[in-house]
Structure formats: C-alpha cells, structure tokens
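Hi there,

Here is the structure I promised to send over.

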Amino acid sequence: MRAISERELRSCFVNCSKGDAKRLNLPRDFEESPWDDLEFLGWRDPKAPERAYLVTETGDRLTGIALRFASTPGKARGFNSTSLCSFCQTVHTGGGVALMSARRSGEAGKQGNTVGQYLCTDLACSLYVRGKKHTLLGDGHDDGVPLEEKIARIRAKLDAFVASVVG
C-alpha cells in the first residue's frame, strides 16, 4: 500500500458521514506505518474500543470502511479456545479474532444493512502473513504456502469484503 496523508484518509470513507470521518481517531503510529508491508491500514479506535477502521487501495482509489465489533473486543474465551481470521488465516487464542461488522454504503446502509467478517482484533493481517508480528501460538504461517499466495489471498478476501460494503 502506498503512504497516505491524513487528509486522504479522512476523505475516503464510504460508510460513515463526513463528520464521523473528520472526528475519527487516527492510529497512534500513523506517520510510522509500514506502508510497504500493508495490503490495508487497519486500526482500532484508541478512544472508542468498539470501533475500528480499515483503509485500502481499490484500483486507483482509496476506500475507507468504518467497523464495529459485534461483541466486546478482546474478551477472551479462554486460552484453549482458538479462532481463525478470515483475511489472513492466522490462528489466535482467546479474543484475538472478533466478528466485525460494517454498515453498507448508500441506501442499504441507511436501512441498517451490514456485512461482517471474523478478523484479527488488531487488524495486523499483513504483518502476520509476513512474519513481522506473531500470536501467542507463534508463527502460524509456516504452512509452506508462498508469501505471494498469502498476500493474494488477503487481497482477494479484502476486495470481496469492500465490494460487499460498497454494494
């Protein structure tokens, strides 16, 4: 993903008002984001833990999606319980994966329609597949699948999710 400015970020959201996008809290490390290692920039709102955001490039434009946790984020179900992120296929223990919902854009969103995905609660999928971040279970991506295929899988699932939100 290419580096983006705060102005670009705030103007690309498709499923929230301009006022909501203007008020959203940026990630703490926004300026130092590892852009070359990201398929999307994802973060949890540091001041509203039930909210998260995802920004990605779709074609030649940026698309931002506001997310909500369907349940309390980080609420551990127990160490022996594991969950799988639908984007990166990383296995997490406890509350490392959560159902996140996004209001659909346009008229469907105004009627309350949403779509959801089980995602890493820290939205660091790109870093997990590259081995730059690890879960409590260690490196869950030593499965023999080439990195390019893992990245293509994230990109395909991400594009499908964005399309379902944009409608």
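**Aromatic pairs**

Phenylalanine 87 and phenylalanine 161 are both buried. Please keep in mind as you read that this is a predicted model. The ring centres of phenylalanine 87 and phenylalanine 161 are 6.0 Å apart and the planes stand at 70 degrees, so the pair counts as edge-to-face. Phenylalanine 87 sits in the loop between strand S4 (82-84) and strand S5 (91-93), while phenylalanine 161 belongs to helix H5, so this pair ties together parts 74 residues apart in sequence.

Searching the whole structure gives five aromatic pairs. Another of them is phenylalanine 30 with tryptophan 35, also edge-to-face, at 5.8 Å centre to centre and 90 degrees between the planes. Both of these residues are buried. There is also an aromatic cluster made up of Phe13, Trp43 and Tyr53.

**Around serine 33**

Serine 33 lies in the loop between helix H2 (18-23) and S1. Is serine 33 buried or exposed? Its relative accessibility is 9%, so serine 33 counts as buried. A polar atom of its side chain lies 3.0 Å from the backbone oxygen of phenylalanine 30, the residue that pairs with tryptophan 35. Apart from neighbours within four places in sequence, serine 33 is in contact with Leu38 and Leu41.

**The nonpolar core**

The largest nonpolar core has 45 residues, and Leu9, Phe13, Val55, Leu67 and Phe87 touch the most other members. Several elements supply at least two residues each to this core, including strand S2 (51-58), strand S3 (61-69), strand S7 (114-120) and helix H5 (147-166). Setting aside neighbours within four places in sequence, valine 55 has contacts that include Met1, Leu9, Cys12, Phe13, Trp43 and Leu62.

**Cysteines**

How many disulfides does a search of the whole structure find? The search finds zero. For cysteine 12, the nearest cysteine sulfur is that of cysteine 16, 8.9 Å away. Cysteine 12 is buried, with a relative accessible area of 7%.

Best wishes

Conventions. Residues are numbered from 1 along each chain as its sequence is written. This is a predicted model: local features need pLDDT of at least 70, side-chain atom pairs count only at pLDDT 80 or more; totals for chains, interfaces and linings use all residues. Side-chain values use heavy atoms; hydrogens and water are left out. A nonpolar core is a set of buried Ala, Val, Leu, Ile, Met, Phe, Trp, Tyr and Cys residues joined through side-chain atoms within 4.5 Å. Buried means under 20% relative accessible area, exposed over 50%, partly exposed in between (1.4 Å probe, protein chains only). Helices (H or I, at least four residues) and strands (E, at least two) are DSSP runs, numbered from the N terminus. Contact means heavy atoms within 4.5 Å. A disulfide is a pair of cysteine sulfur atoms within 2.5 Å. Rings of Phe, Tyr and Trp (its six-membered ring) pair if their centres lie within 6.5 Å; planes under 30 degrees apart count as stacked, over 60 as edge-to-face and the rest as tilted. A polar contact is a pair of N or O atoms within 3.5 Å; within protein, one must be able to donate a hydrogen and the other to accept it, and residues adjacent in sequence count only if both atoms are side-chain atoms.
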